[in-house]
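Here is a friendly note to read alongside the structure. Please keep the view open as you go through the points.

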Amino acid sequence: DIDDVGHKYHLELVLEDVLDKDSTVNCTAEVLYHLGNKNIAPDVQFTIEGELKNTDEADNMFYNRIKSLEKELVAENIPDSHGNVSPEMEPIHLLAWVASGYVIWQNSTENTKFQLAQIKHVKQVKRSDEYLEFDYMILLHEMVSQEIIPWQMTVLWHPQHGVQVTQDSRQPKHASE
Amino acid sequence: DQVLHIVPETFQQVQHLQHLCSTLLLDLWKPLLPEDIWAGEDLHIRVPAPLVEEVKDSLDQHMISYKVLIPDVEELVDQSMPRERSRHRRVPEGYVYTQYHPMEEIYQWMTQIQKSNSELVTQHYLGKTIENRTMYYLQISQPSDKTKKIIWMDCGIHAREWISPAFCQWFVKEILQNYKSDPKISRFLQNLDLYVLPVLNIDGYIYSWEKDRLWRKNRSPHKNGTCYGTDLNRNFNSSWGSIGVSYNCSSEIFCGSGPESEPETRAVAQFIARKKSDILCYLTIHSYGQYILTPYGSTTKPPSNSEELMHVAEKAAAALMGKYGTSYEVGPTSLILYSNSGSSRDWAHMIGIPFSYTFELRDKGTHGFVLPPDQIQPTCEETM
């Protein structure tokens with residue numbers, strides 16, 4: 001407890017590579033939830049002990065594949081009802097996951113627990129520069145209220161420049177239908 | 001059926017292809033109309049199986065080169081969809097436990113299971129859902145002259161938690177396949193009867209297949225049909241409506257208009273209350289999160305037998321982890337998850353059933369409710 005400021009948590013965690021369960025790295029973090037104002041994202045400081053895997057090859061392959069598509073990519077329901085994701089959609093899925101992490105961070109309090117439930121819809125947006133842009137409609141599951149919350153997010157990505165969420169907005173419940 | 005990819009090179013080729021498509025009534029995937037076929041543009045045609053040879057010969061004769069884009073359309077369709085009902089599905093020997101099944105197939109499965117295992121299994125009527133569907137439970141009971149204690153397990157109280165009914169079906173199959181050969185199971189059945197309700201929230205489950213994969217509640221109408229569904233796991237008479245609920249129908253945790261307001265809740269509660277002196281253990285299966293939850297959700301005050309409850313749960317979690325290393329957290333809902341009232345597990349304990357647990361199966365959020373079918377087997381095996 002930090003008087004007049006908020007609650008600070010010190011965490012020691014192990015990060016596990018989703019694509020390679022044996023690849024782990026230790027991490028320490030400090031999270032400060034601000035008192036009162038629910039519109040400020042918690043402060044996060046972290047240190048990663050060691051190095052994250054180099055993903056240049058896979059990144060470039062995905063980048064080139066999307067760049068060479070004749071028509072902009074469009075997809076929906078990832079994963080599908082049965083939990084399946086086609087191999088071509090895996091990177092789109094992972095990108096949504098990372099981007100949703102940002103949205104979740106910006107909207108978390110000590111009383112929320114968000115997870116990405118599903119990508120309802122994704123549409124690639126043509127760009128004249130080197131970035132890839134995707135307009136996502138995702139569904140977030142909030143554990144405490146059990147609500148499924150549709151959320152729109154615009155995601156920019158480039159193999160060397162990483163992920164950016166340039167726009168995001170919570171949608172009314174029926175927006176995903 | 002095959003899908004061919006052709007890029008016509010000349011106007012003559014285009015003409016021939018247009019002719020082929022219209023006379024043989026071929027299925028154009030791209031473009032949609034023969035008049036939109038152009039030289040230099042991609043052409044995708046689906047050719048029905050009996051015509052494949054003829055079409056390819058004709059293309060060869062006219063020096064039109066092609067590639068086979070999809071060698072077997074039916075195979076692809078099958079892979080991407082749940083397989084259609086066939087006669088095999090109703091027979092447990094042909095029943096695929098590593099896939100998710102719609103309610104109609106689960107009903108058929110129950111009938112078949114009883115038929116093929118009539119010395120052990122009986123199907124019983126429990127009640128009706130709000131949409132008037134029949135709820136059945138299976139009783140697995142080895143004939144004997146002594147009265148046996150009962151273990152009750154229900155699955156699918158929340159529609160979107162598909163892994164839960166999948167587990168109930170798996171569980172029944174495992175018991176029935178191995179009770180003669182596995183000494184643990186056979187000893188089990190000598191002393192205990194198993195009652196399994198494979199899908200509690202039938203209307204909701206069907207709705208999650210047909211309309212909204214992430215639906216949770218039942219399908220009771222409120223506010224003149226402008227809002228649907230009560231969270232059945234907030235509807236039991238255990239500190240009903242006190243905490244961790246909403247009184248608003250549009251919420252996922254709407255507790256209903258009163259305790260046991262829902263027919264599904266009443267069907268289960270009435271049965272369990274009637275049999276309570278014989279019920280040793282109440283299990284309710286959910287997902288996701290990987291927890292074994294003990295009472296209570298409505299208060300942090302520990303139940304009277306909390307040590308024993310925890311001890312058994314911890315042993316279960318350890319055994320579970322021993323299979324594939326999956327870790328489950330164990331403890332009272334109010335301490336390790338969130339507060340909630342009206343849960344079936346709390347209610348079962350409050351009326352005197354000593355061992356009452358909620359299992360939250362895989363995973364921890366990576367797939368959440370939409371757990372892929374390849375995880376059905378390991379999830380069920382470890383939980384078993």
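**Notes on the surface, a hairpin and salt bridges**

1. Val44(A) sits in strand E3 of chain A; helices (H or I, at least four residues) and strands (E, at least two) are DSSP runs, numbered from the N terminus. Val44(A) is partly exposed, with a relative accessible area of 37%. Here buried means under 20% relative accessible area, exposed over 50%, and partly exposed in between (1.4 Å probe, protein chains only).

2. Before going further, please note that this is a predicted model, in which local features need pLDDT of at least 70 and side-chain atom pairs count only at pLDDT 80 or more, while totals for chains, interfaces and linings use all residues. Residues are numbered from 1 along each chain as its sequence is written, chains are lettered from A and ligands numbered from 1 in the order in which they are written, and side-chain values use heavy atoms, leaving out hydrogens and water.

3. Patches take residues with over 30% relative accessible area and no salt bridge, joining like charges within 9 Å and nonpolar side chains (Val, Leu, Ile, Met, Phe, Trp, Tyr) within 5 Å.

4. There is also a negative surface patch, formed by Asp1(A), Asp3(A), Asp4(A) and Glu110(A); Asp and Glu count as negative, Lys and Arg as positive, and His and the chain ends are not counted. Asp1(A) lies in the segment before strand E1 (6-17) of chain A and is exposed, at a relative accessible area of 75%.

5. In chain B, have a look at strands E5 (residues 121-128) and E6 (residues 134-140), which pair in the antiparallel sense over seven bridges; pairing requires at least two DSSP bridges between the strands. Tyr125(B) has Tyr136(B) as its bridge partner in E6(B). Five residues lie between the strands of this hairpin, where Asn132(B) takes a positive phi near 70°.

6. Over all chains the structure holds 20 salt bridges, each a side-chain nitrogen of Lys or Arg within 4 Å of a carboxyl oxygen of Asp or Glu. Arg127(A) forms one with Asp129(A), at 2.9 Å between the closest N and O atoms, and another with Glu133(A), at 2.6 Å. Arg127(A) is partly exposed at 30%, whereas Glu133(A) is buried at 13%.

7. Finally, Asp231(B) and Arg234(B) meet in a salt bridge at 3.9 Å, N to O. Asp231(B) is buried at 0% relative accessible area, and Arg234(B) is buried at 1%.

Methods. Areas by Shrake-Rupley, 256 points an atom, 1.4 Å probe, with all protein chains shown as cover. Charge placed at Lys NZ, Arg CZ, Asp CG, Glu CD.
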